[in-house]
Amino acid sequence: MAESLQRSDIARLIPHSGRMCLLDSVARFSAEEIVCTSRSHRDPDNPLCEGGELPVLALVEYAAQAAAVHAALVGAGIGDERIALLGAVRDIACAHGSVPARITQLWITATALLQTEDGAIYRFSVEGDGAALTGGRLVLSIPEA
């Protein structure tokens, strides 16, 4: 597993900036998997919050950002000039409607199942302080030029 990266490093790897860069750090990554952390769900200015709460389904965006960071780090052809879009989400399971207020830190894990020049498929899970919040599969698609 490689060394950790911080928010400024992450912001250089994905097109999201400002508050829409939701990840705080890359705790570790390998050729197959990345684990990121975030506390941005506690930010009252989080652009994905609704009525002061973060819907658990919004954690899919956290997972998509983690997958995009992973793909950029392992040289899967995503990042720089080849920006990927969230193409599909499958087999999603949610433990709550919104992220419980007691959760202090999120742990986002994305595992590459398939990477091609057209995109990638990842299995993901998001935990908060050790409790499962959501998981499923997502597809990153690279639009045709």
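Student: Which residue is the bridge partner of Phe-29 in S3?
Tutor: This is a predicted model, in which local features need pLDDT of at least 70 and side-chain atom pairs count only at pLDDT 80 or more, while totals for chains, interfaces and linings use all residues. Residues are numbered from 1 along each chain as its sequence is written, and side-chain values use heavy atoms, without hydrogens and water. Strands S2 and S3 (residues 33-38) pair in the antiparallel sense over 4 bridges, where pairing takes at least two DSSP bridges between the strands. In S3, the bridge partner of Phe-29 is Ile-34.

Student: How many residues does the hairpin that joins S2 to S3 run through?
Tutor: Strand S2 covers residues 25-29, and S3 covers residues 33-38. The hairpin joins S2 to S3 through 3 residues.

Student: Which residue in S2 is the bridge partner of Gln-6?
Tutor: Strand S1 (residues 5-6) pairs with S2 in the antiparallel sense over 2 bridges. In S2, the bridge partner of Gln-6 is Ser-25.

Student: In what order do the elements of the protein run from the N terminus on?
Tutor: Helices (H or I, at least four residues) and strands (E, at least two) are DSSP runs, numbered from the N terminus. The protein has 2 helices and 7 strands. From the N terminus on, the order is β-α-β-β-α-β-β-β-β.

Student: How many disulfides does a search of the whole structure find?
Tutor: A disulfide is a pair of cysteine sulfur atoms within 2.5 Å. For Cys-49 the closest cysteine sulfur is in Cys-21, 16 Å away and so too far for a bond. The sulfur of Cys-94 is also too far for a bond, because its closest cysteine sulfur, in Cys-49, is 16 Å away. The number of disulfides found is 0.

Student: Is Cys-49 buried or exposed?
Tutor: Buried means under 20% relative accessible area, exposed over 50%, and partly exposed in between (1.4 Å probe, protein chains only). Cys-94, at 38%, is partly exposed. Cys-49 has a relative accessible area of 18%, so this residue is buried.

Student: What is the radius of gyration of the protein?
Tutor: The radius is taken over C-alpha atoms, and the globule rule is 2.2 Å times the number of residues to the power 0.38. For 145 residues, a compact globule would have a value near 15 Å. The protein agrees with that, because its radius of gyration is 14 Å.
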